[in-house]
Structures are given as C-alpha cells and as structure tokens.
Amino acid sequence: KRTADSALLTEKSSTKADVGAELEAHKEHAASAGKELMATMKYIASLHAECDWLLQYHDVRKEARTGEIDSLVKAKAVLSGADYSLVQTKVHSFLGRSP
C-alpha cells in the first residue's frame with residue numbers, strides 16, 4: 001500500500017506541475033493578448049480621429065480642389081493664348097448700392 005500511495009503521490013505531483021506550467025503559459029498568453037488589444041484600440045482611436053477630421057473638413061477641401069482646378073484651367077487657357085485681362089470676375093457696386 002505504501003508504494004502505491006507513493007506512486008500516486010508522484011503521479012499527482014507530476015500532474016500538478018504540468019497544470020502549473022499550463023497555467024503560466026495561459027497567463028503569458030493572456031498578458032500578450034491584452035497588450036495586443038490595447039495597441040489595436042489605440043490604432044482604432046487614431047483612425048477615428050483621422051476620419052472625424054476628414055469628415056469635418058470635407059467641404060472645405062472640396063471647395064479648395066474646385067478652385068484649384070478652375071485656376072489650372074484658366075492658367076492653361078492663358079498659356080494657350082486666351083486673354084482674361086478685361087474679364088470682370090466680381091460685381092462691384094458704386095457706394096454700396098446694388099446694380
């Protein structure tokens with residue numbers, strides 16, 4: 001009986017050591033997964049901020065692009081020989097009166 005108990009105790013100690021090693025491996029995996037999750041959340045937050053900025057300034061950027069395209073078309077026309085020197089681009093009123 002004593003040898004059987006000794007063998008059982010050895011087997012249980014071995015099993016406990018194996019389970020302890022698995023526990024440590026799972027703890028390390030959980031820690032690395034937590035770090036990866038934090039990095040992912042930080043990246044998502046930066047993308048969210050960038051997206052908010054793009055949505056906020058979309059109209060301004062669109063208007064700037066339209067103006068730039070118009071300027072490029074006019075510059076190309078001038079280089080091709082068009083004369084814009086006498087073209088009125090704004091309506092001017094005399095003493096603030098509307099025409």
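Trp-53 is partly exposed in this predicted model, with 44% relative accessibility; partly exposed lies between buried (under 20% relative accessible area) and exposed (over 50%), using a 1.4 Å probe and protein chains only. Tyr-57 also falls in the partly exposed class, at 33%. A pair of aromatic rings is described by the distance of the centres and the angle of the planes. Rings of Phe, Tyr and Trp (its six-membered ring) pair if their centres lie within 6.5 Å, and planes under 30 degrees apart count as stacked, over 60 as edge-to-face and the rest as tilted. By this rule there is one aromatic pair. Trp-53 and Tyr-57 form this tilted pair, 5.2 Å centre to centre with 45° between the planes.

Next comes the overall picture. The protein chain contains two helices and zero strands, where helices (H or I, at least four residues) and strands (E, at least two) are DSSP runs numbered from the N terminus. Of its 99 residues, 0% are buried.

Met-41 sits in helix H1, which covers residues 2-56, and is partly exposed at 48% relative accessible area.

As for how to read these values, residues are numbered from 1 along each chain as its sequence is written. In this predicted model, local features need pLDDT of at least 70 and side-chain atom pairs count only at pLDDT 80 or more, while totals for chains, interfaces and linings use all residues, and side-chain values use heavy atoms, leaving out hydrogens and water.
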